[in-house]
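Colleague: I am new to this structure and would like a close look at one part of it. Could you walk me through the aromatic side chains, please?

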Amino acid sequence: MATVGTEGVAGKAAGTALRGGRSRFRLGRTLRNVFTVGGLTAASRVLGLVREMLQSRLIGAGVEQSAFTLAFALPNMARKLFGEGALTAAFVPVFKGEVAAGEVESARRLARAVLTLVFLILGAVVALALVGLTVALGLSAADVVSLSPRAVLTLKLVRILFPYMIFICGAAFGMGVLNALGRFVEGAFMPAFLNVVWIAALGLLCFFPGLSLAARVTVVGWAILAGGVAQMAFLFRCMRRRGYGFRFAPFASFRDEKFRLVWRNTLLGAVGAGAVQANYLLDQVLGQVAAPWAAGVIGYAERLMDLPLGVVGVAFGTVLLPTFAGHFAAGDAAGARRALKRAVLQMTAVMLPASVVTFFCAPLIVRLVYEGHAFDATATLRVARALSVYGLGLCFFAIQKCLAPFFQAQKDMKTPLRVTVQTVCLNATLNVLAIALLPMDWRHVGLAASTSFCALVGCVLLARRLRVPSDG
């Protein structure tokens with residue numbers, strides 16, 4: 001009896017040591033993946049910065065940029081919903097579980113079935129939207145419906161950019177598959193395709209100084225559509241090289257229980273993600289109401305904020321979902337806890353100084369990056385005001401990218417959903433109050449302040465609801 005007991009204790013100790021070693025290894029691998037994604041994302045963000053410098057000088061921060069910002073927001077909504085948002089959060093834990101269990105063929109069927117349905121849904125939506133937009137523009141051209149030049153330009157840009165959602169959602173889904181397989185380089189490199197095409201189009205515009213601002217922004221719209229095609233083609237090629245080449249799945253595969261689980265969780269997440277995107281679209285519309293230039297100004301400030309957030313926050317968010325899912329699939333809740341704690345501490349150590357610098361140096365940053373030609377000193381002042389306020393929330397935006405995947409990896413979509421709905425309602429209320437109460441030159445600052453404050457509230461609510469299953 002004594003011998004058996006000693007062996008049992010020794011076995012448990014060895015198992016504990018093994019799990020601890022595996023967790024330390026995973027933490028180290030997680031950091032390596034974060035640095036890899038962060039480095040490639042940084043390169044892409046530098047290209048994005050060059051792109052923004054060119055666009056600000058060639059198009060400015062006026063009505064044309066506001067129309068473009070609103071038009072581009074629509075496919076981005078679909079990307080965050082069907083691409084790297086609710087669908088990816090629901091798909092990756094289930095897909096990761098199949099891969100971890102060695103069920104490679106089942107994982108392939110699941111990926112193909114999910115992506116097939118995504119293409120069917122988005123294809124139908126895009127076809128209906130294009131018909132509706134063409135009819136609306138035709139009625140406007142025939143003077144049946146009276147639309148302002150800004151509204152006509154916005155509708156034309158929406159018609160160009162709407163199909164982009166198919167390509168970027170396909171690319172984002174492919175990135176989710178590769179991330180779940182531990183392949184982070186390809187997905188992190190993907191945004192560079194869009195930036196290269198975008199920069200090439202802006203560079204081409206430099207040789208045609210006589211083009212109107214409306215014509216210039218239209219050229220940019222077509223370039224973005226071409227960039228989306230390149231992004232999806234690249235990611236699909238990478239998937240095929242890893243043995244997960246896409247082909248349309250038969251309808252019979254839609255009856256699979258894991259497929260249904262993914263879509264049940266997607267629908268839960270979609271309510272929250274849809275609320276966020278609807279709120280984002282409301283911000284854009286309220287920006288149009290606040291002032292003719294406000295939506296474009298806010299867009300410029302957001303893209304500057306996205307530079308540090310994209311390099312660090314997105315890198316952590318990209319890596320942590322499959323990392324947490326791998327821990328929970330292996331029953332290693334303690335490892336998931338350690339990964340979360342370490343990620344939050346490291347995120348804060350990097351983003352807090354970035355937040356301080358952004359707040360105090362916003363006018364200098366905007367002047368160096370944007371000012372020149374069509375982007376004047378008044379535009380610099382307006383963008384700097386919004387950027388300063390966004391800087392206050394930078395750390396909270398980043399921490400949310402650590403907390404939300406922790407719930408999603410446990411297939412818990414309800415907790416992030418509840419928090420999202422609460423913060424979205426709060427944000428919408430504060431936005432309306434900002435438009436109603438603030439002077440015109442400060443309304444866009446109120447919109448930015450509301451976003452930053454709601455990020456803080458979201459972090460607090462998620463942290464209070466943090467629950468980890470016992471290690472068993």
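**The aromatic side chains**

Modeller: Happy to: the structure holds 22 aromatic pairs, where rings of Phe, Tyr and Trp (its six-membered ring) pair if their centres lie within 6.5 Å, and planes under 30 degrees apart count as stacked, over 60 as edge-to-face and the rest as tilted. One of the pairs is formed by Phe193 and Phe234, which is tilted, with 4.8 Å centre to centre and 40 degrees between the planes. This pair links distant parts of the chain, as Phe193 belongs to helix α7 (residues 185-205) and Phe234 to helix α8 (residues 213-241), 41 residues apart. Helices are DSSP runs (H or I, at least four residues), as strands are (E, at least two), numbered from the N terminus.

Phe193 is partly exposed, with a relative accessible area of 25%, whereas Phe234 is buried at 19%. Here buried means under 20% relative accessible area, exposed over 50%, and partly exposed in between (1.4 Å probe, protein chains only).

Another tilted pair is made by Phe236 and Phe246, at 5.7 Å centre to centre and with 45 degrees between the planes. This pair also links distant parts of the chain: Phe236 is in helix α8, and Phe246 is in the loop between α8 and α9 (257-290), 10 residues apart. Phe236 counts as buried because its relative accessibility is 16%, while Phe246, at 23%, counts as partly exposed.

Before going on, a word on the model. It is predicted, so local features need pLDDT of at least 70 and side-chain atom pairs count only at pLDDT 80 or more, while totals for chains, interfaces and linings use all residues. Residues are numbered from 1 along each chain as its sequence is written, and side-chain values use heavy atoms, with hydrogens and water left out.

Next comes a group of rings: Phe68, Phe72, Tyr164 and Trp198 form one aromatic cluster. Trp198 has a charged neighbour too, as Arg51 lies over the face of Trp198, at 4.0 Å from the ring centre. A charge sits over a ring if NZ of Lys or CZ of Arg is within 6 Å of the ring centre and within 35 degrees of the ring normal.

Of its 472 residues, 52% count as buried.
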